[in-house]
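Work through the exercises below with the sequence and coordinates open. Try each task before reading its solution.

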Amino acid sequence: MFVLGLAGTALAAPANTFADVPASHWAYGAVTKLAKAGIVDGYGDDTFRGDKTMTRYEMALIVANAMTKSDKVDAEHKALIDKLAGEFAAELDNLGVRVAKLEKYASPVKFSGDVRLRWIHQDASTTNPAFSQRFRLATQIDVNDKVNFYARWQVLNHNTMGTYNAATANYITDATVNVKQLFPNIDLKAGRYGLSLGETTYYSGTVGGFDGAELTWKQGKTAFFAGYADPGSQFDYAAADLTTGNNPYGNLYYGQMSYKFTGNAKMSAFYMKNQTKGSAAAELINTYGVGFTYGFGDNWKIVADYWKNTADAAQLAGGSEPTGSVYRLQYGTMKPTVPGSWQAFVEYNKLEKNANVATFTSAYTAASNIKSWDVQYARTLGKNVTLEAVHQFDMKKADTGTDYYTGDGTGDTRTRMQVNFLF
């Protein structure tokens with residue numbers, strides 16, 4: 001019963017070490033590091049076993065929990081987990097037998113979700129301030145050790161301006177069959193899913209809705225994924241185009257390769273192509289991009305993306321090749337499972353007209369003709385409760401340099417605050 005109770009309890013990771021892991025214990029340093037990183041959990045009183053000294057078997061339970069998260073940690077924490085696993089190998093073998101006996105009683109269906117409450121204020125808006133909310137519910141069904149099905153429903157959705165969006169108010173954003181190790185080091189995802197390219201997520205489909213298939217390959221520090229998908233309603237077509245119920249712009253071809261260098265550096269290169277049906281020449285999107293992330297010091301990080309749309313001249317006014325660029329300096333890292341963790345960043349972005357398909361909507365409207373500065377602060381208020389505040393200022397049109405909203409020469413602003421509840 002002790003094993004079942006611990007395995008089924010989700011508890012907050014403490015900021016400090018645990019009262020029943022004394023500094024003289026050989027595992028003190030490893031446990032402290034893993035706890036601060038939110039990899040191992042404890043009880044609300046900052047202990048693993050109250051006022052009792054842990055046995056080796058109880059310590060093995062902690063290690064087993066950490067091992068389930070080893071694919072999401074950096075090399076340093078992975079090494080700590082491996083060291084602990086080696087020390088408690090015998091106990092882990094015994095634990096594996098017990099867990100295996102319990103698994104047949106566990107449900108293969110898991111639920112999760114989130115609720116978002118948002119407030120927005122922007123210059124020259126007749127609806128200030130705008131309040132909105134969103135609710136999403138997800139489920140994962142484990143078919144076997146290699147295959148699972150994931151689905152997510154979205155209801156009560158509002159767009160970033162706080163306006164009710166009937167098209168996605170009751171919407172299946174994701175519905176995928178996922179196969180691990182379809183081939184050596186290659187995973188498959190097929191169905192409906194979201195798409196994100198680059199390092200900053202500016203070039204991403206935030207609401208899902210891409211119907212297609214994607215292969216992912218990982219080997220050491222190198223990762224690659226590529227796919228073929230119908231974007232469906234993710235593009236903002238003219239009403240006449242939608243009367244037939246078909247996507248007039250054909251399917252997407254996309255791919256990205258990334259490499260993690262020694263230390264805290266990562267670089268990625270991506271490509272996307274989308275063509276008008278029946279015409280090989282008239283390309284809606286033909287984008288090349290690069291991005292990188294570089295961490296330095298204990299908490300600092302630089303993140304950047306740059307991309308260029310080289311679509312056919314018939315699709316772009318003047319036959320230009322517009323670019324998008326984002327440069328971010330970040331301090332700290334907010335972790336939803338670690339109360340008190342926080343991050344802040346300052347960012348500059350310039351999205352030339354017709355370059356940005358950040359949400360894959362209104363790709364060729366003035367909405368993608370902007371340059372501005374942003375500052376953000378985000379904090380975990382309690383386990384799985386986060387606060388985000390973003391202020392965008394000096395907002396101007398990228399092509400003319402005039403104010404984005406008002407045109408009065410003062411530089412427009414937009415402020416967004418939201419609280420997220422994750423479960």
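**Exercise 1. A strand pair**

How many bridges join strand β4 to strand β5, and do the strands run parallel or antiparallel?

Solution. The model is predicted.
- Step 1: locate the strands. β4 covers residues 170-183, and β5 covers residues 186-197.
- Step 2: count the bridges. Six of them join β4 to β5.
- Step 3: assign the direction. The strands run antiparallel.
- Step 4: pick a facing residue. V179 stands opposite L188 in β5.
- Step 5: inspect the turn. Two residues lie between the strands of this hairpin, and N185 takes a positive phi near 65°.

**Exercise 2. A salt bridge between E199 and K266**

Find the N to O distance, then say which parts of the chain the pair ties together.

Solution. 
- Step 1: check the distance. The side chains of E199 and K266 meet at 3.8 Å, N to O. The cut-off for a salt bridge is 4 Å.
- Step 2: place the residues. E199 lies in the loop between β5 and β6, and K266 lies in strand β9, so the pair ties together parts 67 residues apart in sequence.
- Step 3: compare with the burial cut-off, which is under 20%. E199 has a relative accessible area of 15%, so E199 is buried. K266 is at 27% and is partly exposed.

**Exercise 3. Further salt bridges**

Characterise the pair R328 and E347, then the pair D403 and K396.

Solution. 
- Step 1: R328 and E347 meet in a salt bridge of 2.8 Å, N to O. R328 is in strand β12 and E347 is in strand β13, 19 residues apart.
- Step 2: R328 is buried, at 13% relative accessible area. E347 is also buried, at 2%.
- Step 3: turn to D403. Its closest N and O atoms with K396 are 3.3 Å apart. D403 and K396 are both buried.
- Step 4: look for a network. Salt bridges link D114, R134 and R136.
- Step 5: take the total. The count comes to eleven salt bridges.

Conventions
Residues numbered from 1 in each chain as written. Predicted model: local features only at pLDDT ≥ 70, side-chain atom pairs only at ≥ 80, totals over all residues. Heavy atoms only, no water. Pairing = 2+ DSSP bridges. Helix = DSSP H or I, 4+ residues; strand = E, 2+ residues; numbered from the N terminus. Buried < 20%, exposed > 50% of the residue type's maximum accessible area, 1.4 Å probe, protein only.
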